[in-house]
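Here is a short briefing to read alongside the model. Take a look at the structure first, then follow the topics below.

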Amino acid sequence: MTASSPSSVTVRVPAKVNVQLAVAGPRSDGFHALANVFLAVSLYDRVTVTPSDGLRVTCSGPDAAQVPLDASNLAARAALALAGRYGREADVHIHIDKDIPVAGGMAGGSADGAGALVACDALWGTGASRSELLEICAELGSDVPFSLIGGVALGEGRGEVLTPLEAGGTFHWVFAVADGGLSTPAVYGECDRLRAAAGTDPGPDQPSASPALLAALRAGDAVALAAAVSNDLQSAALSLRPSLASTLSAGVEAGALAALVSGSGPTTAFLAKSREDGERVAAALSASGTCRAVRVAAGPVEGATVVAG
Ligand code: C5P
């Protein structure tokens with residue numbers, strides 16, 4: 001550490017919702033080609049890194065007990081990957097202040113990976129380029145590059161090949177947090193199983209983004225976006241967690257413009273016309289007793305950002 005290095009760095013990283021998640025059949029490497037339209041929303045984890053004798057991860061927040069603190073944590077893996085690339089030790093204490101639902105389909109783990117990477121990069125003054133950071137993100141996981149860039153973007157390949165998209169306004173969302181998480185590989189596996197049973201495997205080719213969805217995003221038109229959202233993993237998430245159907249119905253009855261499973265779930269996402277409508281949908285969902293917690297958020301918002309240090 002040089003005299004001008006910060007003593008600690010805090011990075012704020014957003015959650016995401018997928019407004020389109022088109023999933024191809026399995027590739028030979030087990031991954032699925034996607035047309036994955038990510039939108040970053042204003043639920044945030046904060047990742048703080050401080051020099052330490054060795055690598056250590058701690059976590060605070062209501063669901064902290066569910067976060068693994070060992071080497072499987074993406075934040076730890078990010079610090080090790082950056083340190084390895086720059087030939088140094090990952091001697092850092094990473095603290096995650098967690099507000100994004102855990103294993104909820106909102107890229108909370110990916111957010112912590114991107115946050116730790118940006119924070120360690122600033123702490124160590126590595127001078128890594130944006131494209132180097134994005135390369136490390138892609139090695140960490142399919143959703144990690146998007147957590148770094150935020151905004152709205154189309155993810156192709158396994159989701160890591162990003163094209164930033166234009167959004168003509170802010171969209172208002174309500175998220176219903178379910179009890180417990182869902183394993184992402186299990187949801188992809190269930191999607192494959194359901195398609196094989198129905199004889200509807202689409203094959204491994206790259207799916208395309210929906211032109212109507214991209215136009216709705218560009219126009220900032222929530223009604224048009226609601227008509228265009230889709231998630232190919234939704235039936236698999238519902239098959240593994242049938243109770244999500246009543247959460248989705250409760251949001252629709254409460255006046256949401258659209259109701260869908262967020263990514264691989266089990267968090268469900270509801271698009272509202274305005275912040276006020278979102279508050280109404282949130283209150284009705286809370287009263288419905290069909291979910292563990294309800295959160296209101298808006299997006300797009302910026303990706304991983306240094307807020308202190
Ligand atoms: O890339 P990541 O490690 O986040 O992916 C977790 C798991 O989700 C993969 O091991 C795979 O089972 C599944 N996955 C997939 N196709 C993708 C992204 C993820 O099958 N495009």
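**How two helices cross**

H1 and H2 make a right-handed crossing, where right-handed is used if the near helix is turned clockwise from the far one by less than a right angle, and left-handed if anticlockwise. Please keep in mind that this is a predicted model, in which local features need pLDDT of at least 70, side-chain atom pairs count only at pLDDT 80 or more, and totals for chains, interfaces and linings use all residues. Residues are numbered from 1 along each chain as its sequence is written.

**The helix pair**

- Helix H1 covers residues 74–85 and helix H2 covers residues 108–124; helices (H or I, at least four residues) and strands (E, at least two) are DSSP runs, numbered from the N terminus.
- The two helices pack at an angle of about 35 degrees, with axes 7 Å apart; axes are lines fitted to C-alpha atoms, for helices over the stretch in contact, and angles run from 0 to 180 degrees between N-to-C directions.

- The protein is assigned domain 1 (9–166) and domain 2 (171–299), with bounds from an automatic or database domain assignment.
- Their C-alpha centres lie 22 Å apart.
- Across the boundary, 32 residues of domain 1 are in contact with 40 residues of domain 2.
- Strand E1 (9–26), E2 and strand E5 (152–156) each give two or more residues to the side of domain 1 that touches domain 2.
- That side of domain 1 has 22 nonpolar, seven polar and three charged residues.

**Around the ligand**

- Residues surrounding the ligand include Phe31, His32, Asp143, Arg158 and Tyr188; a residue is near a molecule if its C-beta atom, placed from the backbone, lies within 6 Å of it.
- Strand E2 (32–51) and helix H5 (184–198) are the elements giving two or more residues to this shell, and H5 has the largest share, three residues.
- The shell has four nonpolar, six polar and two charged residues.
- Each of domain 1 and domain 2 supplies at least three residues to the shell.

Definitions and conventions:
Nonpolar A, V, L, I, M, F, W, Y, C, P; charged D, E, K, R; others polar. Contact = placed C-beta atoms within 7 Å.
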